[in-house]
Each structure stands twice: as C-alpha cells, then as structure tokens.
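Dear colleague,

Please find below the structure that I am handing over to you, together with its sequence. My notes on what was found in it follow directly after.

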Amino acid sequence: MMDNNFIKYKVQPKDSLNSIAFRVNMNELELKEFHNKHCEKMDKLWFGNLQGVKFILIPISYISKTEQERQLQKKLPSIVDIISFHSSEYTVTENIEQFNQDQLQLNYKIRLDVEEKKGQIIVKTQQTDFRKNNIVPDDKVTSFALACMEKISPISFILSEGKISALANHKSLVQKFKDKESELKDFFIGDVANSYIDLFSENISNEDYFLRQMQCTLVYKILFPDINWFHKKAEWKEKFAIYYNSFPLEFNFKSEYFYENPEYIETVLTGKISENCSFQELIKGSRIRDENDVNKLKANIHLHYFTNKITRQLSEIKLEINIWYKDKLFHKHKLHLKAQS
C-alpha cells in the first residue's frame, strides 16, 4: 500500500464493496481496511453494505499481500540461477556434541568452480585448510583420509535441480588416485596405512557407492540443495542422513520465508523424523531384523538459508541436527557455512 496516495471515489447505486475492490485488484477486506485507515472516524466502514455511504477512499497504486508475497518469492533462487547460485568459496565450521564424548569442532574451506558444459551444470569442489579443534590434525586416520582426498581433488559433480546427481568423470578420478597411490604408500609406511589406502581405492572405484557417500555427506547435502526447497508451500517428506556412516531417514519437512532483512531472504526448513529407527540401527548403519527396541529415536532438523535479494546467491547456511534417545540428547551437530567475498 502507498499511504497518502488515494482518490475519493463517489459510490454509485449499483456499487458494492466487493465490486469496487475487484476493480482495483483488492479484496473486500483489504479495501475496507484501507478506507478506514485513511478516512475520518465518522466515515469508517463497519459492514460490507454501502447503503448510505457516499464515498470510499481508493488507493491509486495498490499491491495486495498475495502479490507482495509473489514478488518476493521471485527473488528466491530458481532453476535458472543454478549456475550463479554459489559463491566461489565458503568457510565451514562444524560443532559436534555427543553423549559422554568431548565436543569436536572442525573448520575448513570449500572452494567451488561451477560451469555449464554441453547442457550440464558441473561443479568442481575442493576442501582445504582443515582444522580439528583449531589445530592441524596429526592422528593417523585423519591424516590418511585428508591425504587420500587431496589426491583426487578437485572432485567434479553433475548438478540436477541444484542437487548432486552424478560424478562428472569417475574414470578420471579413479585413474588420478591410482597414479598417486604408490606415492602415498611411500609416505605413509606400514600395514595400517596400506590397508587404509587400499580400502579408499576400492571405495572410490565403486562409482555407485562413492556417489552415495558424497550425496549423503552433510555439508554437500546442504550446500547443494534441491532448488525446489526455496519454493515449497506445502509440507513434504524427504530422506536425510543425520548421522555419520549411517543410512538416511525420512523426515516431515515444512518451510517458512522471512523477507524483513534489507539484503537477504531467510528460508527456514524444519524437519521432524517420521521413520522408526532404533539406537542400535543408527549406530550400526543398517536395519536390524526383528529389532525389539521400543525406545525409538527422536530427531529434528533446523536448516536456515540466507540468499541475496538481488543476486539470489547463497550467502550463508546454518544447520542444527538434534537426536534424542530415551528422552536424552544423544547427538547434536551444528554446521555453519559462510560465503567469502
């Protein structure tokens, strides 16, 4: 609405509040509220009946709440924005709290290079500057894992509607690691190191397995979301992997949109677990036949996206996952990504 920008309309014999409202792209209630807001106290409308009413104040320019929302929705990311949706680099902070364990903080950067090739959206990803509780990790398992991932980076994925749908060049990735495998084994000496490197090679050689692992990795799941998430109006069900090396579980999701910030739109997704899962199944990472644990897990997801109102680019993500068992908080995982200018 535009205050102090209206005309004084003379009511005609055949007019109704509804017919006048229709002509100015309003509904009956909106027109009555506008008139009452701008008129003198004695001239307020209390009913839809215009009998005895001589004039109505009509806005010269009016945008209904529905139209305002529609225009704001157009500022949200869409399929046509996928090529420019991401910044080139994000800092990542993960905080993991688990019952009876020390809190763990991980910090690293993700560099992205997105391009269109032969009608496909290809993204190259590379993780750098990894820190564990603010120091460069020196334990063997983490060192092996980082070194192996470094040898196959950057990893190229094909995006479909924003999500990772395939590996862009799996054969090249496998060959890249084979070329570096002897170099790794010369540096990391010993049976434990050799076993880890052999297992890593086996895992990445299985294209379906490696793709599923990447798709379920929490940071990739939220960094490459289904672009349709930004336009959901009704509740929906979706699988989400909430625990490391476990299987995805079904959640009931709903979305809300907040436009108050002058620079960013905040899209909030909240999910509540809708699939039965026991504690042992979650930890084991597979279903247990004839599972008789009646204490099923409770879990929720809170996911906040901040996208630029003008460029529609992804500026920031905040995620929190909570898992309860026997009404005690068993696991909390917070993840924060922020674009670097």
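The buried residues of helix H7 are covered by several elements, including helix H4 (140-152), strand E6 (155-160), strand E7 (163-167), H5, H6 and helix H8 (218-223). Please bear in mind that this is a predicted model. Helix H7 spans residues 207-216, and its buried residues are Phe210, Leu211 and Met214. Because they cover an arc of only 100° around the axis, they lie on the same side of H7.

The axes of helix H5 (residues 170-187) and helix H6 (residues 191-205) come within 10 Å and cross at roughly 170°. Since angles over 145 degrees count as roughly antiparallel, H5 is roughly antiparallel to H6. On the H5 side, the contact is made by His170, Leu173, Val174, Phe177, Glu181, Leu184 and Lys185. Their counterparts in H6 are Asn194, Ile197, Asp198, Phe200, Ser201, Ile204 and Ser205. Sorted by class, the residues in this contact are seven nonpolar, four polar and three charged.

Strand E3 covers residues 89-98, and seven of its 10 residues are buried, so the strand is largely enclosed by the rest of the structure. Which strands pair with E3? One of them is strand E4 (residues 104-117), which runs antiparallel to E3 and is joined to it by eight bridges. Within this pairing, glutamate 94 has leucine 106 of E4 as its bridge partner. The hairpin of E3 and E4 has five residues between the strands, and asparagine 100 there takes a positive phi near 65°. The other is strand E13 (residues 328-339), which pairs with E3 in the antiparallel sense over nine bridges. Here glutamate 97 stands opposite lysine 332 in E13.

A last point concerns a single residue in another strand. Threonine 267 is found in strand E10 (residues 264-273). Is this threonine 267 buried or exposed? Its relative accessible area is 1%, and therefore threonine 267 counts as buried. Apart from neighbours within four places in sequence, threonine 267 is in contact with Leu76, Trp229, Phe230, Glu256, Tyr257, Leu303, His304 and Tyr305.

With kind regards

Conventions
Residues are numbered from 1 along each chain as its sequence is written. This is a predicted model: local features need pLDDT of at least 70, side-chain atom pairs count only at pLDDT 80 or more; totals for chains, interfaces and linings use all residues. Side-chain values use heavy atoms; hydrogens and water are left out. Axes are lines fitted to C-alpha atoms, for helices over the stretch in contact, and angles run from 0 to 180 degrees between N-to-C directions. Helices (H or I, at least four residues) and strands (E, at least two) are DSSP runs, numbered from the N terminus. Angles under 35 degrees count as roughly parallel, over 145 as roughly antiparallel, 65 to 115 as roughly perpendicular and the rest as oblique. Contact means heavy atoms within 4.5 Å. Ala, Val, Leu, Ile, Met, Phe, Trp, Tyr, Cys and Pro count as nonpolar, Asp, Glu, Lys and Arg as charged, and the others, Gly among them, as polar. Buried means under 20% relative accessible area, exposed over 50%, partly exposed in between (1.4 Å probe, protein chains only). The arc is that of the directions from the helix axis to the C-beta atoms. Two strands pair if DSSP finds at least two bridges between them.
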